Amino acid sequence: MSPDHVLVVDDDDGIREMLQSTLTFAGFRVSAAESAESALRLIDDQHPDALVLDVMMPGLDGFELLQLLRHRGDDLPVLFLTARDAVDDRVRGLRLGADDYLTKPFSVVEVTARLEALLRRARSNRTEPDGDDAVLRCADLELDEDRHQVRRGGSPVELSPTEFRLLALLLLHQGRVLSKAQILDQLWQYDFGGDSNVVERFVSNLRHKIDVLGPPLIHTVRGFGYTIREPEEQP
């Protein structure tokens with residue numbers, strides 16, 4: 001089995017070379033790019049399995065690269081690197097379709113762990129269930145695990161890999177309230193640095209994409225967690 005291929009995109013020579021060395025030592029096959037433009041060429045030529053992407057770069061920045069990838073239907077797992085105090089950057093990145101993020105300065109051990117988790121989830125997404133069980137439904141919302149497609153009222157909904165997995169998790173437990181801790185455990189399978197707010201951000205992403213197309217399906221149960229259920233019938 002060939003090693004997973006990771007593309008590191010950062011205009012800082014020191015960070016780029018450090019990540020190349022660390023990830024290669026950890027068993028990954030690593031490519032590197034110093035700009036979003038060169039990263040695009042490498043993505044098209046080499047088809048990496050995951051992307052480590054810096055936000056602030058000259059020219060096309062990390063946000064714009066991610067947006068371009070998602071708009072063309074590329075579900076490549078993306079780990080964002082952001083400044084420690086840039087909360088808005090993290091929220092924006094998650095809403096654009098990033099799957100995880102790390103703040104600078106970061107631990108190279110944590111970079112490795114998070115990439116491994118991203119790749120496990122990506123492989124799980126590619127596992128195809130058999131038969132009708134591949135389609136999960138709630139009211140007019142459908143999630144097709146075979147085709148990796150989501151529709152609401154017949155309209156396609158574009159989701160990042162992590163958003164897709166979160167929606168699938170809620171649909172599998174339709175009507176049941178899942179806590180933030182349960183969602184973190186199921187989707188990330190490691191301690192997310194104590195930042196359970198990442199769940200709130202991904203739930204917010206889903207609401208912006210799913211609930212704008214009809215009656216709300218995703219609900220917060222204050223003090224407990226989140227659930228998805230059919231809208232109550234109007235008298």
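The legends below describe close-up views of a predicted model.

In this predicted model, local features need pLDDT of at least 70 and side-chain atom pairs count only at pLDDT 80 or more, while totals for chains, interfaces and linings use all residues. Residues are numbered from 1 along each chain as its sequence is written, and side-chain values use heavy atoms, with hydrogens and water left out.

**View 1. Helix α4 and its buried residues.** Helices (H or I, at least four residues) and strands (E, at least two) are DSSP runs, numbered from the N terminus. Helix α4 covers residues 87–96, and D89, R90, G93, L94 and L96 are buried in it. Buried means under 20% relative accessible area, exposed over 50%, and partly exposed in between (1.4 Å probe, protein chains only). After α4 comes G97, with a positive phi near 120 degrees.

**View 2. Helix α8.** The 14 residues of α8 (197–210) reach 20 Å from the first C-alpha to the last, close to the 20 Å expected at 1.5 Å a residue. The expected span is 1.5 Å times one less than the number of residues. Among the buried residues of α8 are V198, F202, L206 and I210.

**View 3. An aromatic pair.** The structure holds one aromatic pair. The ring centres of F63 and F80 are 5.6 Å apart and the planes stand at 70 degrees, so the pair is edge-to-face. Rings of Phe, Tyr and Trp (its six-membered ring) pair if their centres lie within 6.5 Å; planes under 30 degrees apart count as stacked, over 60 as edge-to-face and the rest as tilted. F63 belongs to helix α3 and F80 to strand β4, 17 residues apart, and the pair links distant parts of the chain. F63 counts as buried because its relative accessibility is 3%, and F80 because its value is 1%.

**View 4. A four-stranded sheet.** Four strands form an open antiparallel sheet in the order β6-β7-β8-β9. Its edge strands, β6 (135–138) and β9 (155–156), each pair on one side only. Two strands pair if DSSP finds at least two bridges between them; β6 and β7 (141–144) have four. C138 stands opposite L141 in β7.
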